[in-house]
Amino acid sequence: MSGYAWLGILLGLLLFGGVLYWLLITTEGVYLGRRMVVWLYDLAAKEYDNLKAYDPRDERLLVARPVLRAVRGLPEPVILDVATGTGRVPLDLMREPSFRGRVVGLDDSRKMLAVAMEKLAPFAERVALLRHPAVPLPFPDEHFDAVTCLEALEFFPSDKAALREMVRVLRPGGTLLTTRRCGWEGKAFLHRYRSQADMEALLEELGLAEIQFHVWEINYELVTVRKPGHGHSAGQVDYGKDGRGPRRLLHQDKAEGHGFRPEEKTGE
Ligand SMILES: C[S@@+](CC[C@H](N)C(=O)[O-])C[C@H]1O[C@@H](n2cnc3c(N)ncnc32)[C@H](O)[C@@H]1O
């Protein structure tokens, strides 16, 4: 074989490797569908916390404080964390002595939830974990005082469909806290990338107000928005009695027995 042929093969292999890296690592499977994304998170679940190495002091500032601010004045707020992963938001909140509310953490990866379950076992009375895709959410309208979805929107088949569901289950006057992937990592998502202007237009289209972008992590901005109106959450949910803590819920794919009316797990 000539030198040109070898060069061609080498370039082809490099290109193939580059595309594979972009599909599986950079964009974490999102161009290959929800099942692929979730499978990759299942694979990475045991290492996820080591890779992220969140510092509890930073977490207090970056996660717990903004959520506490969002539910200020509510004695026992009920919070939904969509794509809870290994339980970052529930754990950060449970570590806050001033937080007396409850958290439902939803994620489609069984193995990420298994890690969350272990970490959150001491808080079983106030945290429920649920394996379910982000669309549709298996909760009634206006159910939660606040909804969080951190570092996950870009992995959903449709960020718009997922946000619409989060807005539906948020009570009027409630706050949604989510993130916008920015920097070169965000732009690597090609047409799925949302600039600030795009994101703002999308949130406005969904009827949200008081849209604010905050400096947050290196490749993420924190986005806080409010659902217009006033109201009380309908979150009359018993998470604690009868052993309905994380362990029990993890083995349910639906939220039966929790005051929710589960819908079919159809996915996006
Ligand atoms: C980068 S992790 C973020 C986890 C957590 N929010 C945090 O900040 O550490 C993304 C999470 O989204 C979940 N996920 C991806 N696609 C999903 C979908 N369609 N429905 C529900 N969860 C999904 C993954 O399983 C994973 O746990």
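Reply: Strand E4 (residues 144-149) and strand E5 pair in the parallel sense over 5 bridges, where strands are DSSP runs of E with at least two residues, helices are runs of H or I with at least four, both numbered from the N terminus, and pairing requires at least two DSSP bridges. This is a predicted model, in which local features need pLDDT of at least 70 and side-chain atom pairs count only at pLDDT 80 or more, while totals for chains, interfaces and linings use all residues. Residues are numbered from 1 along each chain as its sequence is written.

Me: Which residue is the bridge partner of Phe-144 in E5?

Reply: Phe-144 has Leu-170 as its bridge partner there.

Me: And what do E4, helix H6 and E5 make?

Reply: Together with H6 (residues 159-169), the strands E4 and E5 make a right-handed β-α-β unit, meaning that, with the strands pointing away from the viewer, the path from the first strand over the helix to the second runs clockwise.

Me: How many bridges join E5 to E7?

Reply: E5 is joined to strand E7 (residues 220-226) by 7 bridges, and the two run antiparallel; Leu-176, for one, has Val-225 as its bridge partner in E7.

Me: Why is E5 largely enclosed?

Reply: Because 10 of the 12 residues of E5 (residues 170-181) are buried, the strand is largely enclosed by the rest of the structure; buried means 20 or more other C-beta atoms within 10 Å of a residue's own, with C-beta atoms placed from the backbone.

Me: Switching to the ligand, which helix gives the largest share of the shell?

Reply: That is helix H2 (residues 34-52), with 4 residues.
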